[in-house]
Amino acid sequence: MKKRMPLPGFALSFGFTVTFLSVIIFLPLSALALKSSELSVQEFFQTITNNRSLAAIRLTFGAAVIASAINMVIGLIVAWVFVRYDFPFKWWIDALIDLPFALPTAVAGLVYANLYMPTGWIGQYLALIGIDISYSPSVIILVLVFTGFPFVVRAVQPVLEEIDADIEEAAAILGSSRWQTFWMVIWPTLRPAVVTGFALALARGLGEYGSVIFVSSNLPGKTEVAPTLIVTKIEENKYAEATAIALVLLAASFALLGLINIWERWSRRHEA
């Protein structure tokens, strides 16, 4: 007797999946590519290779990668603390981790702009030692750290909870140091989750707009990020140029995420 599955059959499930992905993902991406095709090849390359576009794309990727790398380290430490230790108000602080998910990014941008202005709570003390990071790439990175921080923590936390403490005790009994135990026993299990959190934070940072417009001066070639440039092009009714920049940003994002996935699969095969 054929076993009855709790979910619909493959044909129905696959059809629903393809339809949903087509409406939500493939059609918008196709429209993006179609709109950018209104430009000639020469116009397309002129749009994406002029100094303003290149500077915006470099700043976008540079800030997103740096912020994601910071989140990868801090997020791992925070997840470790929440899983391995008990302390007062743990549940309340744990709930605050998800605040960037619920908080409008524009609010985060306003808060950070006020904090790091020369007259702000933090900026006034930095000004005393001659440091001014207001409306600079540095504060853009800080905002991206804030918006992407929960991704690493929430990706690593459940994996850490599943690691049996007996494995660490066994490694210690065999004479491994704490660093050797972490690097040889714990890290191989955590690495996929850490890479996943990094990739999610990176994707969030590449498309971040709401918070960045408040902390950067949006100066072309200096503090203007690619999403801001795209919005500027739209406001100038240069829709084809806006989609061309968006298409390059999308292609570069896919390429970077693809490289991360390829590296992760290679690492797993190499370890096996």
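Predicted model: local features only at pLDDT ≥ 70, side-chain atom pairs only at ≥ 80, totals over all residues.
Residues are numbered from 1 along each chain as its sequence is written, and side-chain values use heavy atoms, with hydrogens and water left out. The protein has 13 helices and zero strands (DSSP runs numbered from the N terminus, H or I of at least four residues for helices and E of at least two for strands).

**Overall layout**

- From the N terminus on, the elements run α-α-α-α-α-α-α-α-α-α-α-α-α.
- The C-alpha trace spans about 70 × 65 × 35 Å along its principal axes.

**α8 against α10**

- The axes of α8 and α10 lie 8 Å apart, and the two helices pack at an angle of about 155 degrees (axes are lines fitted to C-alpha atoms, for helices over the stretch in contact, and angles run from 0 to 180 degrees between N-to-C directions).
- On the α8 side, the residues in contact include Leu144, Phe151 and Val159, and they meet α10 residues including Leu190, Phe198 and Arg204 (contact means heavy atoms within 4.5 Å).
- By class, this contact has 13 nonpolar, five polar and one charged residues (Ala, Val, Leu, Ile, Met, Phe, Trp, Tyr, Cys and Pro count as nonpolar, Asp, Glu, Lys and Arg as charged, and the others, Gly among them, as polar).

**α3 against α10**

- Helix α3 (residues 51-84) and helix α10 (residues 178-206) have axes that come within 8 Å and cross at roughly 140 degrees.
- That angle is why α3 and α10 are oblique to each other.
- Here too the crossing is right-handed, with α3 passing α10.
- Among the α3 residues in this contact are Phe61, Met72 and Trp80, while α10 brings residues including Phe182, Trp187 and Leu206.
- The residues of this contact divide into 16 nonpolar, four polar and no charged.

**α2 against α3**

- The axes of helix α2 (residues 41-49) and α3 come within 5 Å and cross at roughly 55 degrees.
- α2 and α3 are therefore oblique to each other.
- Thr47, Ile48 and Thr49 of α2 make the contact with Asn51, Ser53 and Leu54 of α3.
- Two of these residues are nonpolar, four are polar and none is charged.

**Largest pocket**

- A bit of background: rolling a probe the size of a water molecule over the atoms shows where empty space is left.
- The largest pocket holds about 230 Å³ of space (on a 1 Å grid over the protein atoms alone, a pocket is an open set of points with protein on both sides within 12 Å along at least five of seven lines, a cavity is a set where a 1.4 Å probe fits but cannot get out, and lining residues have an atom within 4 Å of a point).
- Volume here is the space filled by probe spheres set on the points, with grid points joined across faces, edges and corners.
- The pocket lining includes Trp80, Glu168, Arg178, Trp179 and Phe182.
- α9 (165-173) and α10 each supply at least two lining residues, and α10 gives the largest share, five residues.
- By class, the pocket lining has five nonpolar, three polar and two charged residues.

**Largest cavity**

- The whole structure has one cavity of 30 Å³ or more.
- About 40 Å³ of space lies in the largest cavity.
- Its lining includes Leu59, Ile140, Leu206, Glu208 and Pro227.
- The cavity lining has eight nonpolar, two polar and one charged residues.

Definitions and conventions
Parallel < 35°, antiparallel > 145°, perpendicular 65-115°, else oblique. Left-handed = near helix turned anticlockwise from the far one by under 90°.
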